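Trainee: I have a new model open and would like to learn how to read it. Can we go through it feature by feature?

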Amino acid sequence: MQFNDDAQLDTSQVQDARGGGGFGRGGLAAGGGGLGLVGLIVVVLFNVLGGGGGGSSTGALPGGLGSLGQGSNPNSISNSDLSSECRTGADANERSDCAIVADIDSIQAFWATELPRQGTRYSKSPTVFFTGQVNTGCGAADAGVGPFYCPADAKVYIDLSFFDQLKTQFGATGGAFVNAYVLAHEYGHHVQDLLGIEDRVNHGQSGASSDSVRLELQADCLAGVWANHATTVPAANGRPFIENLTQSDINAALDTAGRIGDDWIQSHLGSGGVDKSKFTHGSSAQRQKWFGTGYRGGDPGGCDTFSASSLG
């Protein structure tokens, strides 16, 4: 994936609560969270690329995370580094955190145009970069939760070291478009929230055909819809954020989708068996199918996983 060098970036859509930390040129920092194997299993089964605390009346995060201690405070942010270093697509091609800013800008610019066509006004959701722990409207969370969307404050949260965990712990191909897919999935949950879908589903369910699985697969599909249009979404100065998206980029996203399916997690990082009754995000094949459905069709109307008789 290549960003347009002349695209204008808007860092106001990110709240950088990483303190003095940051990412140097040439790639994301490794580690940063100390997520062990057991933690990873819990993360994905409950929340990796998931709704992250959506659906309950209190908006609490899963797994008792509301009891965690204090961490990053998104109300005390400093975007000075991002705003000075992430100005254009050229910066996004050079720096990993600037690339993520460009992803967020593109995803939100797309939905700001697309969602009104579905009869709903789009309101922007900031992404909070944090390190270690963070306080959210859904409670306190640590890096072990993975990226998540909090409906209570309508924000996306991510410790950027997660992208390295995908490669080192899950064996995913990784890459710039994989990072964009992760973010597009989380913004898919924001779209679901704006459409009222988050409030209508039973988040307490698990199982291969549960509301939880259908919600996650729909978010994958919505991520694919954005990907279909990614090279045409313009920045404020009219230049597209993303200049080039290749089949290799799509294949890398599909590879990641295949490694975060419930069956892959259970068989590779769990006991070795597969228990469909505990599915919360869908199988590898289902996640790949629904991302592909969105990508090929480019239409949110094709992402109605709740009416689908078969999820694949």
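**Reading the model, feature by feature**

Mentor: Gly 282 is buried, with a relative accessible area of 0%. Keep in mind that this is a predicted model.

Trainee: Where is Gly 282 found?

Mentor: Gly 282 is in the loop between α10 (262–269) and α11. Its contacts, leaving out residues up to four places away in sequence, are Val 213, Leu 217, Gly 261, Asp 262 and Arg 287. Look along the chain as well. Gly 282 and Ser 206 are 76 residues apart, yet their C-alpha atoms are separated by 9.8 Å.

Trainee: Let me step back to the whole chain. How many helices and strands are there in the protein chain?

Mentor: The protein chain has 11 helices and 8 strands. Of its 312 residues, 54% count as buried. Now take the contacts with a separation of 6 or more. Residues 24 or more positions apart account for 76% of them.

Trainee: Back to α11. Which residues does Gln 286 touch?

Mentor: Gln 286 is found in helix α11 (residues 284–297). Its relative accessibility is 7%, so Gln 286 counts as buried, the cut-off being under 20%. Beyond four places in sequence, Gln 286 touches Ala 208, Val 213, Leu 217, Leu 311 and Gly 312. Check the polar end too. A polar atom of the Gln 286 side chain lies 2.9 Å from the backbone nitrogen of Ser 283.

Trainee: Next, helix packing. At roughly what angle do the axes of α8 and α11 cross?

Mentor: The axes of helix α8 (residues 211–229) and α11 come within 6 Å and cross at roughly 35°. The crossing is right-handed. On the α8 side, the contact includes Val 213, Leu 217 and Asp 220. By class, the contact holds 9 nonpolar, 6 polar and 3 charged residues.

Trainee: And how do the axes of α9 and α11 cross?

Mentor: Helix α9 (residues 247–259) and α11 have axes that come within 7 Å, crossing at roughly 145°. This crossing is right-handed. From α9, Ile 250, Ala 253, Leu 254, Ala 257 and Gly 258 take part. They meet Ser 284, Arg 287, Gln 288, Phe 291 and Tyr 295 in α11. The classes here are 6 nonpolar, 3 polar and 1 charged.

Trainee: Now the strands. What holds a sheet together?

Mentor: Strands of a sheet pair through backbone hydrogen bonds, either parallel or antiparallel. Now the case here. An open sheet of 4 strands has the order β2-β3-β7-β6, and its pairing is mixed. β2 (14–17) and β6 (148–150) stand at the edges, each with a single partner strand, so one side of each has no neighbour in the sheet. Neighbouring strands are turned by 25° against each other on average, direction ignored.

Trainee: Do β3 and β7 run parallel or antiparallel?

Mentor: Strand β3 (residues 127–130) and strand β7 (residues 155–158) run parallel, joined by 3 bridges. Phe 129 stands opposite Ile 158 in β7. Helix α6 (residues 176–195) packs on the sheet, touching β3, β6 and β7. The direction of α6 makes about 25° with that of β6.

Trainee: What joins β4 to β5?

Mentor: A hairpin does, through 2 residues. Strand β4 (residues 133–136) and strand β5 (residues 139–142) pair in the antiparallel sense over 4 bridges. Find Gln 133: its bridge partner in β5 is Asp 142.

Trainee: Last, the loops. Which residues does Pro 126 touch?

Mentor: Pro 126 is in the loop between α4 (96–114) and β3. Pro 126 is buried, with a relative accessible area of 18%. Setting aside residues up to four places away in sequence, Pro 126 touches Gln 13, Gln 15, Ala 154, Lys 155, Val 156 and Tyr 187. Pro 126 and Ile 104 are 22 residues apart in sequence and 8.6 Å apart in space, C-alpha to C-alpha.

Trainee: Ala 154 is on that list. What is its phi?

Mentor: Ala 154 has a positive phi of about 55°, although it is not a glycine. Ala 154 lies in the loop between β6 and β7. With a relative accessible area of 23%, Ala 154 is partly exposed.

Key:
Residues are numbered from 1 along each chain as its sequence is written. This is a predicted model: local features need pLDDT of at least 70, side-chain atom pairs count only at pLDDT 80 or more; totals for chains, interfaces and linings use all residues. Side-chain values use heavy atoms; hydrogens and water are left out. Buried means under 20% relative accessible area, exposed over 50%, partly exposed in between (1.4 Å probe, protein chains only). A polar contact is a pair of N or O atoms within 3.5 Å; within protein, one must be able to donate a hydrogen and the other to accept it, and residues adjacent in sequence count only if both atoms are side-chain atoms. Contact means heavy atoms within 4.5 Å. Axes are lines fitted to C-alpha atoms, for helices over the stretch in contact, and angles run from 0 to 180 degrees between N-to-C directions. A crossing is left-handed if the near helix is turned anticlockwise from the far one by less than a right angle, and right-handed if clockwise. Ala, Val, Leu, Ile, Met, Phe, Trp, Tyr, Cys and Pro count as nonpolar, Asp, Glu, Lys and Arg as charged, and the others, Gly among them, as polar. Two strands pair if DSSP finds at least two bridges between them.
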